[in-house]
Every structure is written in C-alpha cells, then in structure tokens.
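Take a look at the chain below.

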Amino acid sequence: LPARTGEALRAYREALALSPRRSDAAIAGYATAFADAAGEDASGAELRADHELVRSALEAGPRPDLLAAYARLLLLVPSPANDAEAAAVAARAVQAAPADPGARLALGLAQLRHDPAAAARTLEEAAAATPADRRLLTAAARARWAAGDAAAALALADRRLALDPGHPGALALRAEILAASDRTAEARQTLGRWVLADPAAPLPHLLLARIAYQLEDDLASARRHLDAALARRPDDFTAARILAHRAAVELAAGDTAAADGAVSDALRRVPASAPARFQAAILAFQRGDATALRESVGVLGERGGRAVARLLAARSAELSGTDEEAQQAYAAVTAAEVRDPATLLVVAGPPARPRAPGPGGIARAAARPGPRPRRRPARPRARSSGGPPPSPADRLLGGARSARRGVAAPRGDRARRVASLRGRPRRGGRLRAAPRPDRGRRAAREARRRGLAPVLDAPCAARPGRPRPG
C-alpha cells in the first residue's frame, strides 16, 4: 500500500541495522520498497547507495529476491542499456523462482516499455496466481493501457480500487483513461474521490489542472488547481512538475515572462526535472536560443519517449543546423508518426517558415483525406508517474500550440473549423485549414492534450520510461 511504503522502508532499515552480516532478505526488501516509493523522485545519492548495496549482496549468490530488486533499481534510470539488463536480470529471477510475485512483477515492469502487451500478460498471470500482491493489479492495468487496451486497463484499475478505494495510482490511471476517452466529467469525479480520500495530496489537483487546460481550455480553472497543489507543500520533485504545468498554462495564455519564471523556479528545485526541461526547450525554441535548447534536449534525453526526442532534435536542427539537416530531422519525425494527426499538426509548422519547406509537404500529404487514421489511445509515457507515464510515454508532447512559429492547435469554437493539414500560410506563420469538422476536432483535441503537457507526467502511476507499480 503506497501510504505505508514509508513504514516498510523504516522497518527494513531497522532489520539491516540489527543483522548487517546476514541481511540479504532485508536488502532485497528494502531495495524493492525503495523502488516502489521512489518513481522519478529518487535522489541520485540514495539510488547509487542502494545499487551498490544490492550488487554487493549479489556477489555472495544470485538470490531471486535480490535479482528482482536489482532489476527494479535499474528501471528507475531508463536507458536502453538499463532496460536490457533489467529484463535479463528479471528473467533470471523468474527462472530461479517461477512462483515469486516479486520476480514476476520485476519481469513485467522490465517488459513494459518495449512490449506492453507481453508485460500485461506476465502481470495478469502473476496477479491470478498471487491475489494477495495487489501491486500486480495496478501494474497490469498500466501495461494494458500502454498496449492500447483501454477497457481492460479500466477494468483492472477498478479491481484494484474495489480492494483499496483510495489507491492513488489506480485513481490516477482511471482518470487518465477517462479523460483520454472524452469522459471528462467522470475523470473529474474520479479525481474528486482522490481529494476526499487524501485532502493533503497535491497530485489530484495537478491532474484536475491538466484536464482544465488541456481538454477544456479553462486556463483560469487550471491556475486555481495548480495553486491548490502548490499550497499543499509538495516535495521538490512534485513541485517542479506542478511548476512545469504552470509554465504550459502561461505559455498558452501568451504570457512568456510568467512561463519563464515558472520554469526557472522548477529548475531551481530540480535541475534535471524532465517536465521542466521540456518546457525550457519549448521556450528556448520560441526565442531562438539554440544553446539553451541543446542543453535542455541533452538533459531530457529519451525520458519523454523517442517521439519527443525526435521532435526536439528537429527543432534544435532548425535553429542551429543547415536547412537540409532540419528538413531531414522533421522528415524523420513524420516517418515515425505518419498516422498520428497530432504529430502532423506539429510537424506541419516548418512549411510556414521559409527555411524548412520539405517536411511540411510530407506532413500535409500524410494528412490528406483518405482512409481515416486509426486513433491510438494516449499512452502514459512514459508514464508513467507513475507516470504517467509516462509516457509513460510513447506520448508525443510537441507543444503545438505553445510554439508560436509552428502550427497552433485551435481553441474553443475554432476546433470546428480545423480539418486536414492542407492549406496556405497565413499571417503569423500558421496554416489555414479547410473545414472537415470531425477529423479536425479530434486532431486539435489531441494536439492540445499532448502538445502542452510536460513530459513524463503521469504522477503515481507507471509509465514506459519509468515503470512503477503503485
């Protein structure tokens, strides 16, 4: 239970102090509880200390619980090398102890980023075999959502909530799925349940703010919820995430100075915060600061998923590379996400700028009427959280409306006039689209929801870049 993870950590510390020489079980339990609790809030010093502790214990023998704990620690720092090592170590743990739920959980989380369907099967089988370990239900729900099976994910989240009505990870995931399914009233009700269950929690207010400004264009309500979240005195990592959302809200309102201030405050608290670094990259691109953009892109890496990394690399190439390099970079984004209208809304910006005519033509051609693209459900990027988560992700966060020199996702009634991406540039470097209401409304909604949200923001929930079972 997340509310008691702190107690578990204290108990394991006491066990380690009482039996420092014969404490393999306590080391494994402590590292696992640390991974359950940490998410992206893990400090580098403590993570390194736990990593060395488990490594030293493994030298005496590859116990399954130690292997599973080591895999969980590796997953706290997402990278291709860590992901591959975590999957191999978790597979060894399952081979040594097939019935151990901790080993199966580690294997499922290791699979989540690259093969969420396989992760869901692993975790569902483990949950059926060990109903007492409720973490498996939440992790399986996250995996189903990452695999695009919203109905199954919602059912698994509801099963966890039937056992633990106030579980934050399950409530966050349920709200995320409902919001992505245009069931915003039900999403708000779910987050309201979280507020009632834990009035001091800042995260439900953060998620209510996301619904307000990403789905409903209600910036005033978003500000109120973000103020309420900060008033609950969150830790630095959560505060940085909240401030990154504040920057996105202010950017949507056209107040660049306020957005800059929010990002600076977030980075002062957590210099490597992924959500804050993403917003810093958007702001640097807007003001044409190639050095600041490269810095934020380098710190962010692939923590927001490969789609985000490709898009930011293209924007960096536009500012500091040649015309040909910029066009090739944007073409790579389009080729990777050719069936995603929200991505195409972002990439279609360069034709409105004289330096990069090529990729926009690709984007417009890909978005012309024809067989309607299958709308993929939004994924936690991963993410997450837990996110999520996400993201975790796996979630394209292109900042369509926040990039003034790109294509802006329309607000309010303008969404009814947006259609395919064909059109001509108009004043301000934006494109005028021919009307096709249904497709335009969906694409605009997707661009708003995913274009303004900071990276890796699925609080209290697992996401592909940062697996966390809750």
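**A pair of packed helices**

The crossing of α6 and α7 is left-handed (the near helix is turned anticlockwise from the far one by less than a right angle; clockwise would be right-handed). This is a predicted model, where local features need pLDDT of at least 70, side-chain atom pairs count only at pLDDT 80 or more, and totals for chains, interfaces and linings use all residues. Residues are numbered from 1 along each chain as its sequence is written, and side-chain values use heavy atoms, without hydrogens and water.

Two packed helices are described by the angle between their axes and the distance between the axes. Helix α6 spans residues 101–112, and helix α7 spans residues 116–129. Their axes (lines fitted to C-alpha atoms over the stretch in contact, with angles from 0 to 180 degrees between N-to-C directions) lie 7 Å apart, at an angle of about 165°. That makes α6 roughly antiparallel to α7 (an angle over 145 degrees).

Which residues of α6 and α7 make the contact? From α6 come Arg104, Leu105, Leu107, Gly108, Gln111 and Leu112. From α7 come Pro116, Ala118, Ala119, Thr122, Leu123, Glu125 and Ala126. Contact here means heavy atoms within 4.5 Å.

Now step back. The protein chain has 22 helices and 2 strands (DSSP runs: H or I of at least four residues for helices, E of at least two for strands, numbered from the N terminus). Of its 470 residues, 57% are buried (under 20% relative accessible area, with a 1.4 Å probe and protein chains only; exposed is over 50%, partly exposed in between).

Finally, find Arg233 in the loop between α13 (219–231) and α14 (236–252). Arg233 counts as exposed because its relative accessibility is 75%. Pro202 is 31 residues from Arg233 in sequence, and 7.8 Å away in space, C-alpha to C-alpha.

How values were computed. Angles under 35 degrees count as roughly parallel, over 145 as roughly antiparallel, 65 to 115 as roughly perpendicular and the rest as oblique.
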